[in-house]
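Subject: Structure for you to look at

Hello,

Here is the structure I promised to pass on. Please open it next to this email and follow along.

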Amino acid sequence: MIPRVHKRGSRTIGLLYYLYGPGTHEEHIDPHLVAAWDSLAPDPGRDPEATQQALQQLLDLPVDSVSTRRRPAKHVWHLSVRAAPEDPVLSDEQWADIARRMVAATGIDPDDGRPGCRWAAVRHADDHIHIVATLVREDGRKPRLQNDAARSQAEARQIEIDYGLRRLDAGDGTASQRPTSAEVHKARRQGRQRTPREELRETVRRAVAGAQGEEEFFDRLASAGLLVQKRVAPSGDLLGYKVALPDDRNKEGEPVFYPGARLAPDLSLPRIRERWSSTVAPGQDAEGVTDDAPVRAVPGPASARRTATTAAWQAVLVFDDGDDGVISAHIAAAGEILDALAQTSAAHTRRQLGEAAIAFERASRSHVRAARGHDRALRQAARDLVHGGPALGRGEDGATTAMLIDMAFFLVTAAAAWHGRKEHAQQAGAALQAAEHLRAAYQAAAGHPMAVLHQRGRLMPPALQRRHAAILREAIPDLAEQLLAEAGWPALASTLADAEAAGHDPAQLLVQASGRRELETASSVSDVLVWRLRRLAGLPADASTMPLHSSSPAGKPSRSHTKGPAGTRQDDRGRARGF
């Protein structure tokens, strides 16, 4: 159940005309009164003798009875209460009870015997009601309406329990502003899939992803085709900005601009600058001192995805014992990774990645203030993704996309768990929703590279498969039987053989890759280990160009020997022995 306190007005009759009228798009059906301050209040919807003017005069009577000096400039209070789409259709009697509970909870008409305001609840659709009230009590005083929106939300949560309705998560005031009903109707009329507010929010967030300063940020906005207005102080300092879509116009034909803060709380210019203040420019150290290091080259799409995967992995580890402010910064930067990934990935993954970024937007903010600076690696990774350009859906680009999506899933899942522990219900739900979109994106991205690895694993000599199965059982006995039974075991066996051929100890890599968190959330543990092993061993994500495996020559040591502690070498089971 979603209550919404609207802007206060000054014309009671104007609001009544709307509530009892046909609606902007003829959507109002059978407008009628379901409850009011007085059971004898006239109902212009069903009583042919009643008029809207008569109801307005009765509602306004306490207001008209006080002096002009004591009369509120905006005396019309308006609350809409909407049921969730999956809720059953409520009766008039049920809506009447809900209306009485709402006016009592908000202070419009307290149920403790104190004088209240006059109010009326109008229903003109199956799924919602509107409550109109006038803000002078029967005793001539003003009502106490502090935090009326929050109190209406709290009452809605209790109503959901009492009526067995869908239980929505309580908000904390950090969510983005929802599109207004006028914006939604305008978008439908113009044939838009989303409102301009939502489209602008996504475009601005993508422009912020990895940006290192104002010039780059505003250049990205212009490149995206947005109209930009900057607010400049007399001193010349930039104070803020507004953006508009070129084809979104008002009645006068002028562009409809939205300030950044109206798109999302963290898209105001001061909040965006907090990200830039912690960014290290190329050629500078952490204190901003220029050194002699050359400016780092812009990586290609595959290299950028590998770097982002490593940064995401390090961020996942922060959730184990990191400070809340540091974790909050990493969650916000994770949103930039998703925004950057969505705008640079191939068509077959772009939609799900875009949905994941949109969903995670709600999870990127809470009342825990981000400790900027600790998120530098993730923000640089987002920048590299953007500057690396679009990735192909095949080859190393496509395979490293699957690798990054796999790691992003664990980062988002860790964020959901942290929000859950902090009782950030909306943020936790948003993160879990983003994780499901990432899961779908992974299935699209990983199909070809995993098929290649499966085929290579099935073509491995049986002796080599058995040897790596034995290594698996010895290195990670708790997971071995599950992995051997999974459909992904051939791909994992092929990866172990690739790592061994590259000079790594597969047993050590298995211990390192499996001894980390969040494996229980994976639908395929073998897939997760494949990407972790290939990243740790520096193996190509796309194995299609690699030679097929062969058994090690009999009587000779395998190529898996790697350096162990000083003075030792390690054999293919990870056991140290002397040189």
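A search of the whole structure turns up 38 salt bridges. Keep in mind that this is a predicted model. The idea behind such pairs is simple: side chains of opposite charge can pair when their charged atoms come close.

Start with E183 and R197. They form a salt bridge, and their closest N and O atoms are 2.8 Å apart. The pair links distant parts of the chain, 14 residues apart. E183 sits in helix α5 (residues 181–189), while R197 sits in helix α6 (residues 196–208). Are these two buried or exposed? E183 has 14% relative accessibility, so it counts as buried. R197 has 5%, so it counts as buried too.

Next, find R192 and D247. Their side chains meet in a salt bridge at 3.0 Å, N to O. This pair also links distant parts of the chain, here 55 residues apart. R192 is in the loop between α5 and α6. D247 is in the loop between β7 (238–244) and β8 (258–259). R192 is buried, because its relative accessible area is 18% and the cut-off for buried is under 20%.

Now go to R369 and E274. Their side chains meet in a salt bridge as well, at 2.3 Å, N to O. R369 lies in the loop between α12 (347–363) and α13 (376–388), and E274 lies in helix α9 (residues 269–277), so the pair ties together parts that are 95 residues apart in sequence. R369 counts as exposed, at 53% relative accessibility. E274 is partly exposed, with a relative accessible area of 24%.

Some salt bridges share partners. Through them, R205, D266, R275, E336, D339, E361, R365 and R379 are joined into one network.

Which residues form a positive surface patch? They are R69, R70, R141 and R144. Look at R141, which is placed in the loop between β5 (128–134) and α4 (148–163). R141 counts as exposed because its relative accessibility is 53%.

Stay in the loop between β5 and α4 to find N147. Phi of N147 is near 60°, a positive value in a residue other than glycine. N147 is exposed, with a relative accessible area of 59%. D30 has a positive phi too, near 50°, and is likewise not glycine. D30 is placed in the loop between α1 (12–20) and β2 (32–36). At 38% relative accessibility, D30 counts as partly exposed.

For a contrast, turn to H419 in helix α14 (residues 395–421). H419 is buried, with a relative accessible area of 1%. What does H419 touch, leaving out residues up to four places away in sequence? The answer is I331, A363, S366, H424, Q427 and A428.

Last, the whole chain. The protein chain has 20 helices and eleven strands. It has 579 residues, and 52% of them count as buried. Take the contacts between residues at least 6 apart in sequence: 71% of these join residues at least 24 apart. The accessible surface of the protein chain comes to about 26,700 Å². Carbon and sulfur atoms account for 50% of that surface.

Best wishes

Conventions:
Residues are numbered from 1 along each chain as its sequence is written. This is a predicted model: local features need pLDDT of at least 70, side-chain atom pairs count only at pLDDT 80 or more; totals for chains, interfaces and linings use all residues. Side-chain values use heavy atoms; hydrogens and water are left out. Patches are made of residues with over 30% relative accessible area and no salt bridge: like charges are joined within 9 Å, nonpolar side chains (Val, Leu, Ile, Met, Phe, Trp, Tyr) within 5 Å. Accessible areas come from the Shrake-Rupley method with a 1.4 Å probe; for residues, only the protein chains shown count as cover. A salt bridge is a side-chain nitrogen of Lys or Arg within 4 Å of a carboxyl oxygen of Asp or Glu. Lys and Arg count as positive and Asp and Glu as negative; His and the chain ends are not counted. The place of a charge is taken as NZ of Lys, CZ of Arg, CG of Asp or CD of Glu. Helices (H or I, at least four residues) and strands (E, at least two) are DSSP runs, numbered from the N terminus. Buried means under 20% relative accessible area, exposed over 50%, partly exposed in between (1.4 Å probe, protein chains only). Contact means heavy atoms within 4.5 Å.
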